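Thanks for passing this one along.

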Amino acid sequence: MSTLHNIRLSLEMIKWEHSVFALPFALCGAMLAAGGWPSVWQLVWIIAAMVSARTAAMAFNRYADAEIDAANPRTQTRAVPAGLLSKRFVGAFVIGSSAVFVFSAAMLNRLTLLLSPVALAVVFLYSYTKRFTRWSHLVLGFALGIAPAAAWIAVRGSLDPRILLLTGVVTFWVGGFDVLYACQDCEFDLSFGLHSLPRHFGIPRALLLARMMHAIMLVLLITVVVAFGLGKFAIAGVIIVALLLSYEHSLVSAGDLSRLNAAFFTMNGVISIVLFLFLAADLLFQGFR
């Protein structure tokens, strides 16, 4: 029972349900590579690789940031600083999740296996970047942004430079909303010597930078539509995403961060799913013509 209890706490700790942020983009990459649905075998192992990589990354973040979380009033109730899980258990959880990721990559093709340690290195790196750079938000974005490129490689066994445009989309999308999320820790980051855009530029300018990142995201998203010759469904998806981003930013202001969780969790989950559904519809529609 103790092991099952620890596993349940671990799943709560890593917010596994928030895999919805990046998983739809990985599926977009897979569908673009296949020109429709990839095989069931590929889908199963792409999803397994995506979820296990994110699980390993989030657990590693909780492991690496245990002391920081204990000092921050907002995060003191997390499992490790609260004493609900030991760092030793979380470390073992990271190793187990990483092993599942590498195995999933091996089940796809040789190139995904060879690149799996590189992918883990990228997602683990993020946890340390806030200690030395204010641009850690974009590092987090890139860590999730490699998902569509990895999914492309999983299907094709090679890399097409066009899919890197989608990597850019995810990088600036995640970077932008992570800036929003970091606004609530602005004072703590300053006192603890951590780096973030809100800490260095102040919340009003950080919110402006987040909007700029999302504007770049939309430009790259339009470029993806053009580069892959996508049609009306994909264009409609881009328009809806733009409207959702505008609404997301309307929820947050320098003087009122009370609706930050709604902007961060709810809206971003909706954005990623909407984009996937419209892109998938476009690819399937073109496939049936």
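1. Let me start with Glu67 and Lys87, whose side chains form a salt bridge with the closest N and O atoms 3.7 Å apart. This pair joins distant parts of the chain, since Glu67 sits in helix 4 and Lys87 in helix 5 (residues 87–106), 20 residues apart. Please keep in mind that the model is predicted.

2. Next, have a look at Arg131 and Asp65, which form a salt bridge with 3.3 Å between the closest N and O atoms. Here too the pair links distant parts of the chain, 66 residues apart: Arg131 belongs to the loop between helix 6 (110–129) and helix 7 (136–156), and Asp65 to the loop between helix 3 (40–64) and helix 4 (66–71).

3. How do the two partners stand in terms of accessibility? Asp65 is buried, at a relative accessible area of 2%, whereas Arg131 is partly exposed at 30%.

4. Asp65 and Arg131 are also part of a salt-bridge network that includes Lys130. For the overall tally, the structure holds six salt bridges.

Technical notes:
Residues numbered from 1 in each chain as written. Predicted model: local features only at pLDDT ≥ 70, side-chain atom pairs only at ≥ 80, totals over all residues. Heavy atoms only, no water. Salt bridge = Lys/Arg side-chain N within 4 Å of Asp/Glu carboxyl O. Helix = DSSP H or I, 4+ residues; strand = E, 2+ residues; numbered from the N terminus. Buried < 20%, exposed > 50% of the residue type's maximum accessible area, 1.4 Å probe, protein only.
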